[in-house]
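My entries follow in the order in which I looked.

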Amino acid sequence: MTVLPEDPMILFSFINTKLRDNYASLDELCDDMHISKVDLVAKLGSVGFEYNPQQNKFW
């Protein structure tokens with residue numbers, strides 16, 4: 001399992017950069033990095049971010 005940044009703002013930036021540069025979808029990122037999609041969406045959602053699949057980013 002990949003160690004992710006604990007700070008939600010840094011995590012937001014980290015994940016969006018990975019999505020932009022390396023992955024076509026959140027599912028692909030989570031599968032490749034062995035990250036729980038449910039946990040990631042919940043953690044970023046707890047500070048107001050949600051995933052937009054059309055734009056492939058959190059906002």
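Predicted model: local features only at pLDDT ≥ 70, side-chain atom pairs only at ≥ 80, totals over all residues.

Entry on Asn16. I found Asn16 in helix H1, and, with neighbours within four places in sequence left aside, it is in contact with Lys57 and Phe58. A polar atom of the Asn16 side chain lies 2.8 Å from the backbone nitrogen of Phe58. Is Asn16 buried or exposed? Its relative accessibility is 14%, and because buried means under 20%, Asn16 counts as buried.

Entry on the core. I looked up the largest nonpolar core and found that it has 15 residues, with Phe58, Leu44 and Ile15 among those that have the most contacts inside it. Helix H1 (8–22), helix H2 (26–33) and helix H3 (37–45) each supply at least two residues of this core. I then followed Leu44, which, apart from its neighbours within four places in sequence, is in contact with Pro8, Leu11, Phe12, Phe49 and Phe58.

Entry on the whole protein. I counted 3 helices and 2 strands, and from the N terminus on the elements run α-α-α-β-β. The C-alpha trace spans about 25 × 25 × 20 Å along its principal axes. For 59 residues a compact globule would have a radius of gyration near 10 Å, and the protein has 10 Å, which agrees. Buried residues make up 31% of the 59 residues, while the protein exposes about 3,900 Å², of which carbon and sulfur atoms supply 55%.

How values were computed:
Residues numbered from 1 in each chain as written. Heavy atoms only, no water. Core = buried A, V, L, I, M, F, W, Y, C linked by side-chain atoms within 4.5 Å. Buried < 20%, exposed > 50% of the residue type's maximum accessible area, 1.4 Å probe, protein only. Helix = DSSP H or I, 4+ residues; strand = E, 2+ residues; numbered from the N terminus. Contact = heavy atoms within 4.5 Å. Polar contact = N/O pair within 3.5 Å; in protein donor to acceptor, adjacent residues only side chain to side chain. Rg over C-alpha atoms; globule rule 2.2 N^0.38 Å. Areas by Shrake-Rupley, 256 points an atom, 1.4 Å probe, with all protein chains shown as cover.
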